[in-house]
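Biologist: Please show me the model, and then let me ask what each label rests on.

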Amino acid sequence: MKIYDSRTAPNPRRVRIFLAEKGIEVSYEQIDIAKAQNRSPEFHKKNELGVVPVLELDDGTCIAESVAICRYFEELHPEPPLMGVGALDRAMVEMWQRRMEFQIFIPIVQVFRNGHPFFKGRIPQVPEFGEVCRKAAEQQLGWLDSVLAEREFIAGDRYTIADITALCGIDFGRVSGIRIQPEQKHLARWHAAVSARPSAKA
Ligand SMILES: N[C@@H](CCC(=O)N[C@@H](CS)C(=O)NCC(=O)O)C(=O)O
């Protein structure tokens with residue numbers, strides 16, 4: 001099996017961190033988004049949406065969507081659990097994972113996609129929409145700070161996929177000037193802790 005990856009993009013990083021936490025080694029093939037390799041007919045055979053990451057199994061089956069790839073590995077290698085244990089915990093982790101995706105990760109990515117010269121001419125950009133997303137992301141970082149006042153990790157007392165999604169979103173925000181604010185002490189404490197894990201380098 002192998003994963004079609006892009007070193008600088010936030011979604012593939014989610015999968016790399018997830019696998020590093022589980023101690024799973026997979027080979028990676030780099031897809032150059034800057035050169036639009038992801039838009040080639042050849043890559044579209046792997047993922048018709050033309051985005052990375054994609055996990056290709058030995059029989060040629062391709063799994064796209066970062067969380068679906070993580071789910072596949074979670075089922076095969078349940079330890080350490082990163083997607084919850086038992087019905088309630090799984091639901092809570094899913095809730096926080098989706099919240100991190102919708103409230104933090106996607107708005108931050110949209111700031112980049114709609115405002116950054118990298119995507120100029122590649123996609124239709126609406127800079128005003130990017131700025132609306134920036135305000136939303138900044139506001140939601142404040143909300144996340146208050147969540148983390150109550151608990152060690154985003155979904156509770158254990159590190160999960162929700163932490164991975166938030167970390168990758170927040171780190172990607174730097175390129176658009178979105179940062180944890182000095183008064184967001186709980187968020188900063190959490191960010192320092194998850195960034196210190198060896199998996200964060202993946
Ligand atoms: N929903 C997908 C999103 C994947 C995605 O948007 N990947 C970005 C990199 S972070 C990409 O390949 N972008 C290339 C492009 O839009 O041209 C997932 O969760 O994996």
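**Contacts, rings and sheet**

Modeller: Apart from neighbours within four places in sequence, arginine 14 is in contact (heavy atoms within 4.5 Å) with Ser66, Val67, Gln97, Glu101, Phe105, Ile164, Thr165 and Cys168. This is a predicted model, in which local features need pLDDT of at least 70 and side-chain atom pairs count only at pLDDT 80 or more, while totals for chains, interfaces and linings use all residues. Residues are numbered from 1 along each chain as its sequence is written, and side-chain values use heavy atoms, with hydrogens and water left out.

Biologist: Why is arginine 14 called buried?

Modeller: Buried means under 20% relative accessible area, exposed over 50%, and partly exposed in between, with a 1.4 Å probe and protein chains only. Arginine 14 has a relative accessible area of 4%, so the residue counts as buried. Its place is in helix α1; helices (H or I, at least four residues) and strands (E, at least two) are DSSP runs, numbered from the N terminus.

Biologist: What makes the rings of tyrosine 4 and phenylalanine 43 a pair, and of which kind?

Modeller: Rings of Phe, Tyr and Trp (its six-membered ring) pair if their centres lie within 6.5 Å; planes under 30 degrees apart count as stacked, over 60 as edge-to-face and the rest as tilted. In the whole structure, eight aromatic pairs are found. For tyrosine 4 and phenylalanine 43, the centres are 5.9 Å apart and the planes are at 75°, so this pair is edge-to-face. Tyrosine 4 belongs to strand β1 (residues 2-5) and phenylalanine 43 to helix α2 (residues 41-44), 39 residues apart, so the pair links distant parts of the chain. Both tyrosine 4 and phenylalanine 43 are buried.

Biologist: What kind of pair do phenylalanine 112 and phenylalanine 172 form?

Modeller: With centres 5.0 Å apart and planes at 65°, phenylalanine 112 and phenylalanine 172 are edge-to-face, because the angle is over 60 degrees. Both residues are buried. Phe112, Phe118, Phe119 and Phe172 form one aromatic cluster.

Biologist: How do you know that a charge sits over the ring of tyrosine 159?

Modeller: The test asks for NZ of Lys or CZ of Arg within 6 Å of the ring centre and within 35 degrees of the ring normal. The charged end of arginine 197 is 3.7 Å from the centre of the tyrosine 159 ring and sits over that ring. Arginine 113 likewise lies over the face of phenylalanine 119, 4.6 Å from the ring centre.

Biologist: What makes β1 and β3 paired strands?

Modeller: Two strands pair if DSSP finds at least two bridges between them. β1 and strand β3 (residues 54-56) have three bridges, in the antiparallel sense. Valine 54 in β3 is the bridge partner of tyrosine 4.

Biologist: Why are β2 and β4 called edges?

Modeller: The open sheet has four strands in the order β2-β1-β3-β4, with mixed pairing. β2 (27-30) and β4 (62-64) each have a single partner strand, so one side of each is left without a neighbour in the sheet.

Biologist: How do you know that the buried residues of α3 are on the same side?

Modeller: The buried residues of α3 are Ser66, Ile69, Cys70, Phe73 and Glu74. They cover an arc of only 140° around the axis, taken from the directions from the helix axis to the C-beta atoms, so they are on the same side of α3. Their cover includes α1, β3, β4 and α6.
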